[in-house]
Amino acid sequence: MRAIRLTGPYQVEIVDLPDAPLGERDVRLRSIVSAISHGTELNTYRGTAPLDKKRFDPELRTFVPDPEATGYPATLGYEIVSEVVETGAAVTEVAVGDIVHTGTPHQDMTVTSPDDYLGFYPMVKLPDHPTHEPGLFASLAAVALQGVHDAAIKVGDVVTVHGAGAIGLMTIQLAVMSGATVIAVEPSAERRAEAEKAGARLVLDPAENDGLVGYGIAKALKGRSPDVAIETSGSYHGLQGAISAAGMAGQVVALGFYQGGGTPLRLGEEWHHNRITMRSSMGVWDCPHRSYPAWDRPRMMRTVVDLLYSGRLRTDFMPVQHHPFDHAAQVYADLAASPVDHLKTAFDYRHGSGADGS
């Protein structure tokens, strides 16, 4: 087995691992394509994840001092489409030849279990489809769905979505499905065009109105405030824009994994003057859905797979750039240098080529 290892900030290697034995509840998977998370993975790649000299204690639910902690070596990836090539004797959920999505790291072969997803993304069987592209969006679609659920959108609501990356574009669609009118805020002209394709009624550039996003939203709504502002970019500039847009006693739902300190935040402005409520929409690290147990991680994954493969949640207008797995070091370097130029990036494991994922 060959896998990606991050040995330090900006230091990616492909390493050889011993073949793992197969237990009776295990499944052996041959990778087809895997997608890079432009938020979480780049955070770890750059060394800006909060794991230096501290670690997250899952029982205390807080970061604790750990002088030995560096966060490295680390695995990368949690969005992979694979073929089942072998199953243990007690596995009934999938069979050899099935195509599945798992929240496992980038590597060409994986041994995992339908039972073992560590609070992240459980294995889900994918429907037949001409390409593997919809499966590349399943984990991020679950992030978007969690955000829309946390926003508690009602028919007739006006929702602002701040950021039109892959998660933002799916959040726009899910908010529209929920009965909302959506205003999207996005600095990239290309992504603003994609936000319109996703169903945004109005698309704004945050640089307009001297960068005062809340003022621009207030003008667009003729003095009204949105019912909820959803921040999907994972940037503090985007979060500040969402806070400024939310209005008196407004609600901000934040989906992003923010990097480093929040210098762009101006908490003495709308945050303080409007008594804003902010809700983290983290859906992993064993955080339960706010409607658990009715909604658990397996149900979330089944739901987004159904939406993606039925075409109700569209990804066909979202460009995916495929690269050979062997090129991982260069791919991460390019993403870190110019993330806005890449909406969705994937590794292709077949024949060492950068095929189109079909």
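Analyst: What follows sets values against definitions, feature by feature. This is a predicted model, where local features need pLDDT of at least 70, side-chain atom pairs count only at pLDDT 80 or more, and totals for chains, interfaces and linings use all residues. Residues are numbered from 1 along each chain as its sequence is written, and side-chain values use heavy atoms, with hydrogens and water left out.

User: How many aromatic pairs does a search of the whole structure find?

Analyst: The search finds nine. Rings of Phe, Tyr and Trp (its six-membered ring) pair if their centres lie within 6.5 Å. Planes under 30 degrees apart count as stacked, over 60 as edge-to-face and the rest as tilted.

User: What makes the pair of Y78 and Y121 stacked?

Analyst: The ring centres of Y78 and Y121 are 5.5 Å apart and the planes stand at 10 degrees, so the pair is stacked. Y78 sits in the loop between β5 (62-65) and β6 (80-87), and Y121 in the loop between β8 (109-112) and β9 (124-125), so the pair ties together parts 43 residues apart in sequence. The labels follow DSSP runs numbered from the N terminus: helices are H or I with at least four residues, strands are E with at least two.

User: Are Y78 and Y121 buried or exposed?

Analyst: Both are buried. Buried means under 20% relative accessible area, exposed over 50%, and partly exposed in between (1.4 Å probe, protein chains only).

User: Why is the pair of F325 and Y349 called tilted?

Analyst: The centres of F325 and Y349 are 4.7 Å apart and their planes are at 35 degrees, so this pair is tilted. F325 lies in the loop between β16 (320-324) and α9 (328-337), while Y349 lies in the segment after β17 (344-348), 24 residues apart. F325 and Y349 are buried.

User: What makes strand β3 mostly covered?

Analyst: Nine of the 10 residues in β3 (residues 27-36) are buried.

User: Which strands does β3 join through bridges?

Analyst: Two strands pair if DSSP finds at least two bridges between them. Seven bridges join β3 to β6. Four join β3 to β8, and four join β3 to β17. β3 runs antiparallel to β6, to β8 and to β17. S34 stands opposite I80 in β6 and opposite F347 in β17. R30 has M109 as its bridge partner in β8.

User: Why do β12 and β15 stand at the edges?

Analyst: Six strands form an open, parallel sheet in the order β12-β11-β10-β13-β14-β15. β12 (202-204) and β15 (277-280) each have a single partner strand, so one side of each is left without a neighbour in the sheet. β11 (residues 181-185) pairs with β12 in the parallel sense over three bridges. V185 stands opposite L204 in β12.

User: What makes β4 and β5 a hairpin?

Analyst: β4 (residues 54-57) and β5 pair in the antiparallel sense over four bridges. R55 has V64 as its bridge partner in β5. The hairpin has four residues between its strands, and R61 in the turn has a positive phi of about 60 degrees.

User: How many cavities of 30 Å³ or more are there?

Analyst: The count comes to one. On a 1 Å grid over the protein atoms alone, a cavity is a set of points where a 1.4 Å probe fits but cannot get out. Grid points are joined across faces, edges and corners, and a volume is the space filled by probe spheres set on the points. The largest cavity holds about 50 Å³ of space. Its lining includes V185, L204 and D205; lining residues have an atom within 4 Å of a point.

User: What lines the second largest pocket?

Analyst: A pocket is an open set with protein on both sides within 12 Å along at least five of seven lines. The second largest pocket has a volume of about 200 Å³. Among its lining residues are E93, Y117 and R302. α8 (297-310) and β9 each supply at least two lining residues. α8 gives the most, with three.
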